[in-house]
Amino acid sequence: MTSPTPPGPGSVALITGGTGGFGRALTQKLRERDVTVVAADLDSERNRSVADELGAHFVALDVTDRAANEAVVAQVEAEHGRLDAAYLNAGISAAKSDDALDLDEFMRVVDVDLFGVVYGVAAARPAIARAGGGAIVVTASLAGLSPMPSDPGYSVAKGGAIAFVRSMAPRLTREGITISAICPGFADTAIIDRIRHEFEAADFPVIPAAEVADAMVMAWESGEPGAAYVIQPGVGTVPYRFKGVPSAKTATGETAVVPEALRPPSMR
């Protein structure tokens, strides 16, 4: 296997949710390094215009469509010859927060924020391996580590995405692919627009999208397999340290050793 191509001239990155929030900031960062960026997003004149302004190639994609994910990756390879990094960044939150549990909305959020990641990994994995290795970076959230009672669907989806990243890391590492998750706290994107006034009233700092984009670039350059990087105002980007569960004991009271193939990344 050849050495993975780092972010720079000659490398190609796919970003889902590529024209808004984190995706837009990340596209700007990567284009500054002369990375060829393919911004995938829902088909609209606005999204096409943003991609054009940023110097990115635009492809229409509904991340909940498994076949569409595969078709987009095939298009990227056909038009650009390779795929070095996939940023699975598309995400939504619930439109409202109250004590009722709207199951349709719950499933819609999980479909985009969790299964969009699963389909994206499945589609990008073989292409990145064909390029000699690279990176998959998943936009999760602090809500995946510390669930929000105001949005259970979002918390479940982001927590599931983190678990999926950690579960997939060992097998992708064997193919030269590093998969990691970015877990920002409250950030300055449209996803907080409906509650932005509450942050302003409390003088609570939100994270600039550019700071999250810097972490995303770092995850491609030097991310650890299975890592979940927490980003908080005034703290910066730090890897989350997962606590171990109580160990099993043998009949004689000794600590049982988990078979290597079943160990999470933090135990290897």
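Predicted model: local features only at pLDDT ≥ 70, side-chain atom pairs only at ≥ 80, totals over all residues.
Colleague: Start with strand pairing. How many bridges join S1 to S2, and do the strands run parallel or antiparallel?

Modeller: Look for bridges between the strands, then for direction. Strand S1 (residues 12-16) is joined to S2 by five bridges, and the two run parallel. In this pair, Val-12 stands opposite Thr-36 of S2.

Colleague: How many residues of S2 are buried?

Modeller: In a regular strand, side chains alternate between the two faces of the sheet. Strand S2 (residues 36-41) is mostly covered, with five of its six residues buried.

Colleague: What about S7 and S8: parallel or antiparallel?

Modeller: Antiparallel. Four bridges join S7 (residues 228-232) to S8 (residues 236-239). Ile-231 stands opposite Thr-237 in S8. The hairpin has three residues between its strands, and there Gly-234 takes a positive phi near 80 degrees.

Colleague: Now helix H2. Is Val-50 buried or exposed?

Modeller: Compare relative accessibility with the cut-off; buried means under 20%. Val-50 lies in H2 (residues 45-54). Its relative accessibility is 5%, so Val-50 counts as buried.

Colleague: What C-alpha separation does Val-50 have from Gly-20?

Modeller: Their C-alpha atoms are separated by 8.3 Å, though the two residues are 30 apart along the chain.

Colleague: Last, surface charge. Which residues gather in the patch of negative charge?

Modeller: Asp-98, Asp-99, Asp-102 and Asp-104 do, on the surface. Take Asp-102, in the loop between strand S4 (85-88) and helix H4 (103-130). Asp-102 counts as partly exposed because its relative accessibility is 33%, and that class lies between 20% and 50%.

How values were computed. Residues numbered from 1 in each chain as written. Heavy atoms only, no water. Patch = residues over 30% accessible without salt bridge, like charges linked within 9 Å, V, L, I, M, F, W, Y side chains within 5 Å. Areas by Shrake-Rupley, 256 points an atom, 1.4 Å probe, with all protein chains shown as cover. Salt bridge = Lys/Arg side-chain N within 4 Å of Asp/Glu carboxyl O. Lys, Arg positive; Asp, Glu negative; His and termini not counted. Charge placed at Lys NZ, Arg CZ, Asp CG, Glu CD. Buried < 20%, exposed > 50% of the residue type's maximum accessible area, 1.4 Å probe, protein only. Pairing = 2+ DSSP bridges.
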